Amino acid sequence: MLERKTGVKLDIYLEDGTHALGDLKAGHIAAENLKNGAFFNQTVKGVPYLSASFPVNLGQTPLGHLMTSVPRSVLTKRKLNTAFILVMIGIFIITLSVLLARVLVFFIVRPIQALENSASQIARGNLSYPIETGRKDEIGRLARSFAYMRDSIREQVARIGRHSKTLTA
């Protein structure tokens, strides 16, 4: 059942390396491949496999080895599928990043540039330059502070002008 769905084969080998139970039936497996668990390549009936061996013990007594084997072709297909999925995730993340950057430009950078332009106009003496104050966020509060500053400067300039006229009269 496991083999039909995934191509993975499960085998049990005795401590001496002879096949006891399973799908692959590779015959005798080299003892160095079974010691202490290992990954190794093997070819059975002309089909290359990547195999992993895991020792099975009862207490301190070694009973044998459990070996699982996957055809290299299945691994290659899975690598390609994984690579495709990773590329698609990368494209999605890049697209999402570009969209997020555009949103940030629209909602943050442009209003700040507009405030910068307003500050430049006010610095040049244009105290009637309009400042957009309709936003309800931090940038809106900053814009309202700029508008308040502009109005305050305009009032002080007007007051100085009145005092100047009083002094010269």
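Q: How do you know that the chain has four helices and five strands?
A: Helices (H or I, at least four residues) and strands (E, at least two) are DSSP runs, numbered from the N terminus. By that definition the secondary structure of the chain comes to four helices and five strands, in the order α-β-β-α-β-β-β-α-α along the sequence. The model is predicted, so local features need pLDDT of at least 70 and side-chain atom pairs count only at pLDDT 80 or more, while totals for chains, interfaces and linings use all residues. Residues are numbered from 1 along each chain as its sequence is written, and side-chain values use heavy atoms, with hydrogens and water left out.

Q: Why are strands S4 and S5 said to pair?
A: Two strands pair if DSSP finds at least two bridges between them. S4 (residues 47–58) and S5 (residues 61–71) have ten bridges, in the antiparallel sense, and therefore they meet the definition. Ser51 stands opposite Ser69 in S5. The two strands form a hairpin with two residues between them, and Gly59 in the turn has a positive phi of about 65°.

Q: What makes Leu115, Ile139 and Phe146 part of a nonpolar core?
A: A nonpolar core is a set of buried Ala, Val, Leu, Ile, Met, Phe, Trp, Tyr and Cys residues joined through side-chain atoms within 4.5 Å; buried means under 20% relative accessible area, exposed over 50%, partly exposed in between (1.4 Å probe, protein chains only). The largest such core has eight residues, including Leu115, Ile139 and Phe146. Helices H3 (72–123) and H4 (138–168) each give two or more residues to this core, and H4 supplies the largest share, four residues.
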